Amino acid sequence: MKRAILPLFISLVGTAFAAPSAAQFGEMTTLDSFGGPSSGTYKPTPAEAERIAWFREARFGMFMHWGLYSKMAGYWKGKKVTGGEWALKLQRLPIEEYRELAKEFNPVKFNADEWVLLAKSAGMKYMVITSKHHDGFAMFDSDASPYNIVDATPFKRDPIKELKEACDRHGLKLGLYYSHGQDWNEPDAYGNNWSFPGYKRNMDKYLDEKSIPQIRELCLKYKPAILWFDTAGDITPARAEQIARMARELVPGILINSRIQLGKPRGLPITDFDGSGDNEAFHQYHNVPWELCGTLNRSWAFKEWDKDFRPVSELLFHLIDAASKNGNYLLNVGPTAEGVITEPYASRLREMGSWLKVNGEAIYGCGGTVWGNEFGDFGTVDGKRKFIAAPANWRCTTQPGKVYIHVLNWPKDGKLELPALKQKVTKAHLLATPTAVVKIGQSADKVVLSLPANAPDPIASVVCLSL
Ligand code: FHN
């Protein structure tokens, strides 16, 4: 693993919930059924807690943005364009010309097992792929619209079906992203304000004639573990609820994300988990199960010219940071129009998998931090309330009876000071080098660990405290 100086990340998105105040932490609270401090505002029924259990256990998934826009690869008629999966709208392309891409979309190198095995080698436990993004093109065999990969391209195969079968073969869960309100191919949907001038759109008509029929067939044909909705547009709460209820009826145990509807997450029984901002985690511990989705470079869809891939140190930080706040990390790849996940993505994913092979017990199925004041706090900057992140020298995850300290900046003097723990620390060892000696100094107001001179891992080394 390359030596990397871990930059400090300031997460900018506000917490959607009043995160438990730091005062509530600072000492080991009783671990709730999710293995982390609970501020009491998340109360799943036994059935709801059961269906989300695999998601919390998983902690790490692969996001995939793959569609006709992948054929553009960041260009239009030979010219570099921004936008990726948004290029159609940002460049206000003629919709008839965009539709022509379908005639050339033929991912002959697509191999579902390769994709699933790469995700598995990264230590990922689930995948979420765009079954239909805002461009309106269905990447599955849809009976509700002929604008789909089987009927409209020379490929003629159903990659979602093949991915689902590969996920079942290799023990991963498959989630399906579906843009349920925004669809630039359809005049009645929300989002296309350049192709149908003067047309008075009717969202209910779009929902009844395309969106809901396709969501229905996604449920019946592929039984997804997650329906991952995005950009709800002006879908009313009632329609969002109708979609959620239909999905739960068709696929018992399915998980639904909070973006099914705009605004404050609805929470249970409509949605199972919250989403923080794109590439921005919640600032603090978030007691509703949640997920950070982020890009591996700077794009969701494949762009040939986007070579700005994030270092593994940053990617591992997001995984560890999210887990310490009770969240998952959904890390995105953008496959090419030929169906290939290119090496810059794959090599970083494999490096993350190597780290997880050694340290996975401190991530999978773990609860968040026992403290909560390590992230920083809100203050006033230029008269405005702002979150001021503390230096991210370490993060904490938990299992009943265990506290894991992910050391991100190895102390030069070997001394790592932690807030107080109510429980007595009986043992401390490094997951990477269990025989290395870690001395414990515990008093009423702090715990001090004396660490070996060298960090076993250049990015994040985990100390397991047994209580
Ligand atoms: O508009 C989409 C965007 O294209 C991408 O799919 C992201 C992924 O979280 N979601 C929306 C923007 O937040």
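**The interface between the two domains**

Analyst: Between domain 1 and domain 2 the count is 1 salt bridge. The model is predicted: local features need pLDDT of at least 70, side-chain atom pairs count only at pLDDT 80 or more, and totals for chains, interfaces and linings use all residues. Residues are numbered from 1 along each chain as its sequence is written, and side-chain values use heavy atoms, with hydrogens and water left out.

User: Why is the pairing of D321 and R395 called a salt bridge?

Analyst: The term requires a side-chain nitrogen of Lys or Arg within 4 Å of a carboxyl oxygen of Asp or Glu.

User: What makes domain 1 and domain 2 separate domains?

Analyst: The bounds come from an automatic or database domain assignment, which gives 22-362 for domain 1 and 376-466 for domain 2. Their centres, taken over C-alpha atoms, are separated by 33 Å. The contact (heavy atoms within 4.5 Å) takes 22 residues from domain 1 and 27 residues from domain 2.

User: What does the buried area between domain 1 and domain 2 stand for?

Analyst: Buried area is the accessible area (1.4 Å probe) that two parts lose on being put together, summed over both. The value of about 2000 Å² therefore covers both domains, and 65% of it lies on carbon and sulfur atoms.
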